[in-house]
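Please find below my notes on the model under review. They are set out as numbered points, each on one topic.

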Amino acid sequence: MVRACDSARVNANPMNTPGFLDRYFSISARGSSVGQEVRGGFATFFTMAYIVVLNPLIIGTVADKTGQFLGDGNNPNIALVAAATAFVAGILTIIMGVFGRVPFALATGLGLNAFLAFGIASQMSWEDAMGLVVLEGIVIAILVVTGFRVAVFHAIPAQLKTAISVGIGLFIALIGFVDAGFVRRMPDASGTTVPVKLGALGNGSLTGWPTLVFVVGLLVTAFLVARRVKGAILLGIVGTTVLAMIVEAIGKIGPQIPDGSNPNGWSLNVPAWPKNFIELPDLSLLGQFSLFGSFAKIGGLAAVMFVFTLMLADFFDTMGTIVGVGRQANLVQEDGTVERTKEILLVDSLAAAAGGAAGVSSNTTYIESAAGVGEGARTGLASIVTGVLFLLAMFFAPLTEIVPFEAATPALVVVGFLMMTQVKEIDFSDFETAIPAFLTIVLMPFTYSITAGIGAGFVSYIAIKAFRGKARDLHPLMWLVGALFVVYFALEPLKSLLGLS
């Protein structure tokens with residue numbers, strides 16, 4: 001008598017002689033086929049390929065404390081960062097497929113790269129900042145091997161973890177509005193205490209064709225996302241860039257001039273027909289990091305806090321992604337764990353270190369992997385397909401140099417919205433948790449600092465619990481984290497008190 005499960009396997013493979021791929025990836029055992037895995041790999045790539053454009057716009061356009069951009073240049077080199085972003089994503093996704101054997105893809109983490117650009121690189125060189133990312137990845141890998149990662153995961157309240165993601169979403173959206181010129185910083189001599197206002201003139205009026213391109217791009221991208229169109233964010237970037245090229249060809253608008261003489265010009269790049277569509281990728285960014293240089297620049301405590309903050313953001317996004325996508329792919333077991341969890345977490349941890357070592361920020365597992373699962377992907381073969389496509393994308397890096405901020409930043413705003421949707425998981429009727437969560441969320445964009453938001457949330461949570469006589473409810477690790485943030489916030493007064501400043 002043939003059992004049902006045996007019958008299913010026979011039907012999936014009539015010859016009953018599974019090949020190497022089938023055996024290694026358990027393709028038939030998971031109810032999939034090579035065709036499904038290939039389709040799933042393509043679907044995942046097209047839903048997350050936008051990172052090849054967005055990552056360079058976030059980390060490649062911000063100067064470090066020394067005034068240098070990534071690659072040690074005096075001007076942004078978008079193609080350089082794009083090529084390295086695609087390379088690292090491709091290699092790590094293939095590794096996830098081979099060793100994790102699951103349909104999970106990896107690339108530079110949004111939110112993490114923003115924190116690195118605006119919160120860390122402003123205080124040190126890019127090499128030193130990337131060194132902190134490498135250290136963060138090494139620490140997480142050690143926590144995976146020792147099993148401590150799960151303990152830390154359970155120590156921090158789920159709603160504070162959610163607040164961190166929501167706050168980063170608002171922060172990314174603000175960056176998008178500012179970089180597009182939709183919202184502008186007000187000059188000190190403007191006679192107002194308002195830090196930002198709408199439009200180039202700061203009077204609530206929107207002017208200039210580039211601003212119109214941004215608005216149209218935002219509406220179109222939002223429409224595509226609302227319709228659940230696969231690859232909506234990438235399609236939004238491509239479509240808005242084409243619109244920008246048409247507008248520039250007709251209107252000859254030109255770039256924004258540093259002296260302010262053309263405030264309605266394009267930001268970052270002037271959209272025009274590229275000189276080259278394809279070229280050999282420049283991977284010279286790889287290896288540009290200094291492991292402990294930051295400790296000498298900003299001190300040991302501040303460096304440790306930065307590593308800790310990077311680790312927090314990396315830590316919890318990955319756990320949520322693995323469980324969510326794993327459940328969709330029927331990889332979650334009866335006890336709630338995902339098959340090959342340790343291998344998956346180890347690859348993800350090493351990806352963080354690899355992203356720093358390659359100069360493109362921490363890499364992490366992407367929730368967009370769900371798109372491939374939706375197309376039938378169930379195994380690591382789909383990840384290999386996605387990884388190969390990322391490696392091919394390296395050769396098209398020159399195309400990123402024609403994308404102006406006005407065409408790319410609608411994607412940032414929409415990504416911010418998608419991260420913001422998690423706010424529904426916070427119980428705002430429970431003030432003990434809701435107030436710290438609120439502080440975490442609002443202080444990230446209001447202070448332009450992810451660290452400030454996380455620190456305020458943790459410290460206020462501990463303080464409220466303690467004042468209400470519930471100190472014993474707090475995990476010992478929460479007390480340790482809270483103490484570190486208190487020292488971090490009071491670092492300058494402490495230095496002055498101790499005569500170290």
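1. The side chains of aspartate 128 and serine 125 are joined by a polar contact of 3.1 Å. Aspartate 128 also forms a polar contact of 3.5 Å with the side chain of serine 290. As the model is a predicted one, both distances should be read as computed values. Aspartate 128 belongs to helix H7, residues 126-146, and counts as buried because its relative accessibility is 3%, where the limit is under 20%. When residues up to four places away in sequence are set aside, aspartate 128 touches Ser290, Gly293, Ser294 and Lys297.

2. The largest nonpolar core comprises 120 residues, and Tyr50, Leu54, Leu110, Ile120, Trp126, Leu132 and Phe458 have the most contacts inside it. The greatest contribution to this core comes from helix H5 (residues 78-100), which supplies twelve residues. For tryptophan 126, the contacts beyond four places in sequence are Ile59, Val62, Ala63, Asp64, Gln68, Phe69, Leu70, Leu116, Ala117 and Ala121.

3. Does the end-to-end distance of helix H18 agree or disagree with its number of residues? The helix has 17 residues (431-447), and at 1.5 Å a residue it should span 24 Å; the C-alpha atoms at its ends lie 23 Å apart, so the two agree. The buried residues of H18 are Glu432, Thr433, Ala434, Pro436, Ala437, Thr440, Ile441, Val442, Met444 and Pro445. Helix H9 (158-179) and helix H19 (450-467) are included in what covers them. Tyrosine 448 follows H18 and has a positive phi, near 55 degrees.

4. Positive phi values also deserve attention at two further positions. Arginine 228, although not a glycine, has a positive phi of about 60 degrees; it is placed in the loop between H10 and helix H11 (232-251). With a relative accessibility of 70%, arginine 228 counts as exposed, since the class begins over 50%. Lysine 252, likewise a residue other than glycine, has a positive phi near 50 degrees. Lysine 252 is in the loop between H11 and helix H12 (293-298), and its relative accessible area of 64% makes it exposed.

5. Glycine 208 sits in the loop between strand E3 (196-198) and helix H10 (209-226), and its relative accessibility of 31% places it in the partly exposed class. Its C-alpha atom is 8.4 Å from that of proline 263, although the two residues are 55 residues apart along the chain. Valine 487 lies in helix H20 (residues 476-489) and is partly exposed, with a relative accessible area of 31%. The C-alpha atoms of valine 487 and leucine 301 are separated by 8.5 Å, the residues being 186 apart along the chain.

6. For the protein as a whole, the secondary structure amounts to 21 helices and four strands. Buried residues make up 53% of the 501 in the protein. Of the contacts between residues at least 6 apart in sequence, 78% join residues at least 24 apart. The accessible surface is about 21,600 Å², and carbon and sulfur atoms account for 66% of it.

Terms used. Residues numbered from 1 in each chain as written. Predicted model: local features only at pLDDT ≥ 70, side-chain atom pairs only at ≥ 80, totals over all residues. Heavy atoms only, no water. Helix = DSSP H or I, 4+ residues; strand = E, 2+ residues; numbered from the N terminus. Expected span 1.5 Å × (residues − 1). Buried < 20%, exposed > 50% of the residue type's maximum accessible area, 1.4 Å probe, protein only. Contact = heavy atoms within 4.5 Å. Polar contact = N/O pair within 3.5 Å; in protein donor to acceptor, adjacent residues only side chain to side chain. Core = buried A, V, L, I, M, F, W, Y, C linked by side-chain atoms within 4.5 Å. Areas by Shrake-Rupley, 256 points an atom, 1.4 Å probe, with all protein chains shown as cover.
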